[in-house]
Amino acid sequence: MKTFLWIFSLLLGAVACTTAPKDQPGDTDDSFSFVFMTDIHLKPELGAPEGFQMAIDSVNAIHPDFVITGGDLVDDALYATHGRADTLYNLYKKMAKGFDMPVHNTMGNHEIYGYGVKPALDQNHPEYGEKMFEKRIGKRYYSFDHKGWHFMILDGIEKGDVNLGTYIGKVDDQQLQWIKKDLEDVYPQTPIVVVTHIPLVSIMPQITRGPLYGDNHGSLITNQQEVLAPFRFMNLKLVLQGHLHALEDNNLMGRTHFITGGAVCGKWWKTPDDSPLQEGFLKIDIKGDDFTWSYVDYGWETGIVSP
Ligand SMILES: [Fe+2]
């Protein structure tokens, strides 16, 4: 980071991504779009299923090539009984079948089972921790290619402790090795999108807690520099983030955008209808190796007015 100038800008708007297969970096005349929808926090209460269905219908009307979710799909497994977590996972899987296009999921802290359960859960439980997500949804980190763009989905959540809290933002050593290995097959010119629930870069802690606030164990990826180091000479165009229920576009030297993508649930399904940030998701339009983004308010209203 010492050789970088960080240029931050807050925008309300849009993103992008594209490419040819790994063997044809940047060689594409295709345009495509995808949707990034984060922080759904699906549960039976507060009309969340109706709201999520409205979001699904809105996505299907847009016809993106695929959807990437940004984690916190359910609310919640982290502090819940197994029965509640089971119900919520089943609800999500059932409703997600309503998407007309492929869905690539990212794990959030609220998908992790047992870290916050009291009394403490037996860690030998077959679905303890990340295993619940892996068993029911899919891999916690992986990559895929689409029309010349390379997408890398990360798991940025580790177990905390009595000092750091229930969980912390961190990418484990196994993944750090995988990132390097995965990038060996990617041309330096290939546009790359990284997805992580907990942000790698955000100005939100500074805005909400002040410039001297430093206890970001649960808000940001604490080993961010280790994660980003392998990308230094790669074409990292876009980092898509969730967790903070905020919309921001941090533009690093016009080279890499760190975008936190709002929230499908807004403020946990209690968003005042006059709030500046409404329930929504990102639509990202790719052309060549460039992108634009827009935040789609899919229309959910709570009837709540700001005090
Ligand atoms: Fe969330």
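The following dialogue reads selected features of a predicted model.

Biologist: Which conventions apply to the numbering and to the confidence cut-offs?

Modeller: Residues are counted from 1 along each chain in the order in which its sequence is written. The model is predicted, so local features need pLDDT of at least 70 and side-chain atom pairs count only at pLDDT 80 or more, while totals for chains, interfaces and linings use all residues.

Biologist: How is a sheet to be read, and what is the strand order of the open sheet of six strands?

Modeller: Strands of a sheet pair through backbone hydrogen bonds, in either the parallel or the antiparallel sense. Helices (H or I, at least four residues) and strands (E, at least two) are DSSP runs numbered from the N terminus, and two strands pair if DSSP finds at least two bridges between them. Here the order is E4-E5-E8-E9-E11-E10, with mixed pairing. Strand E4 (142–146) and strand E10 (247–252) are at the edges with a single partner strand each, so one side of each lacks a neighbour in the sheet. On average, neighbouring strands of this sheet are turned by 15 degrees against each other, direction ignored; the axes are lines fitted to C-alpha atoms, for helices over the stretch in contact, and angles run from 0 to 180 degrees between N-to-C directions.

Biologist: Where do the buried residues of helix H1 lie around its axis?

Modeller: A residue is buried if 20 or more other C-beta atoms lie within 10 Å of its own, exposed if 12 or fewer, and partly exposed in between, with C-beta atoms placed from the backbone. In H1 (residues 48–62), Ala48, Gly51, Phe52, Ala55, Ile56 and Val59 are buried. They fall within an arc of 140 degrees and therefore line one face of the helix; the arc is that of the directions from the helix axis to the C-beta atoms. Glu50 and Ala61 are exposed on the face turned away. The buried residues pack against strand E1 (31–37), strand E2 (66–69), helix H2 (82–96) and strand E12 (280–287), where contact requires C-beta atoms, placed from the backbone, within 7 Å. Just after H1, His63 takes a positive phi of about 60 degrees.

Biologist: Which residues of H2 are buried, and which are exposed on the other side?

Modeller: Ala85, Leu88, Tyr89 and Tyr92 are buried. Their arc is only 100 degrees, which puts them on the same side of H2. Gly83, Asn90 and Lys94 are exposed on the other side. Helix H3 (131–136) is included in what covers the buried residues of H2.

Biologist: Which residues have the most contacts inside the largest nonpolar core?

Modeller: A nonpolar core is a set of buried Ala, Val, Leu, Ile, Met, Phe, Trp, Tyr and Cys residues joined through C-beta atoms within 7 Å. The largest has 78 residues, and Phe36, Ala77 and Phe281 have the most contacts inside it. Not counting residues up to four places away in sequence, Phe36 touches residues including Ile68, Leu240 and Phe281.

Technical notes
Two residues are in contact if their C-beta atoms, placed from the backbone, lie within 7 Å.
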